[in-house]
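Here are some notes for a colleague who is looking at this structure for the first time. They go through the sheet, the core and the aromatic residues in turn.

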Amino acid sequence: QVQLVESGGGLVQPGGSLRLACAASGSIFSINIMGWYRQAPGKERELVADISRGGGSTNYADSVKGRFTISRDGAKNMLYLQMNSLNPADTAVYYCTAARWGNPSPNYWGQGTQVTVSS
């Protein structure tokens, strides 16, 4: 099993920045891809970004390209999401995820952290 705990959400004004963090524990050796998903009220959950185990491969939703950066610290078992130029459409609950080797979809989810972009 893998446990994921997010932190760093909150209220920010349009144009501002936030950095989300996710602490992973448990059977980390079994994990390859880690990522961030989000779900806004009344909308389906969507992939924001993901990253391979070594960090050499990243993938972003078109809506966040150029504004968000995903990174991973293997030594600390941490995942990050730097979010810049935030706008109200980024308001959502953000979830940290982890997928076991060979699995295209996440096997583990964090509890989520709320990000609200509003003036």
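1. Strand 3 and strand 8 run antiparallel and are joined by 6 bridges. Across this pairing, Leu18 stands opposite Met83 in strand 8. Please keep in mind that the model is predicted.

2. These two strands belong to an open sheet of 4 strands, in the order 1-3-8-7, with antiparallel pairing. Strand 1 and strand 7 are the edge strands, each pairing on one side only. From one strand to the next, the twist averages 15°.

3. The largest nonpolar core has 31 residues, and Met83 is among those with the most contacts inside it, along with Leu4, Trp36, Leu81 and Tyr94. At least two residues of this core come from each of several strands, including strand 1 (2-7), strand 3 (18-26), strand 8 (78-83) and strand 9 (92-100). Leaving aside residues up to four places away in sequence, Met83 touches Leu18, Leu20, Phe68, Tyr94 and Val115, among others.

4. The whole structure holds 2 aromatic pairs. One of them is the edge-to-face pair of Tyr95 and Trp109, with 6.1 Å centre to centre and 75° between the planes. Tyr95 lies in strand 9 and Trp109 in strand 10, so the pair ties together parts that are 14 residues apart in sequence. Ring pairs link these two residues and Tyr37 into a cluster.

5. Trp109, at 35%, counts as partly exposed.

6. Arg45 lies over the face of Tyr95, at 4.2 Å from the ring centre. Arg45 also lies over the face of Trp109, at 4.5 Å from the ring centre.

Terms used: Residues numbered from 1 in each chain as written. Predicted model: local features only at pLDDT ≥ 70, side-chain atom pairs only at ≥ 80, totals over all residues. Heavy atoms only, no water. Core = buried A, V, L, I, M, F, W, Y, C linked by side-chain atoms within 4.5 Å. Buried < 20%, exposed > 50% of the residue type's maximum accessible area, 1.4 Å probe, protein only. Contact = heavy atoms within 4.5 Å. Pairing = 2+ DSSP bridges. Axes fitted to C-alpha atoms, helices over the stretch in contact; angles between N-to-C directions. Phe/Tyr/Trp six-rings, centres within 6.5 Å; stacked < 30°, edge-to-face > 60°. Lys NZ or Arg CZ within 6 Å of the ring centre and 35° of its normal.
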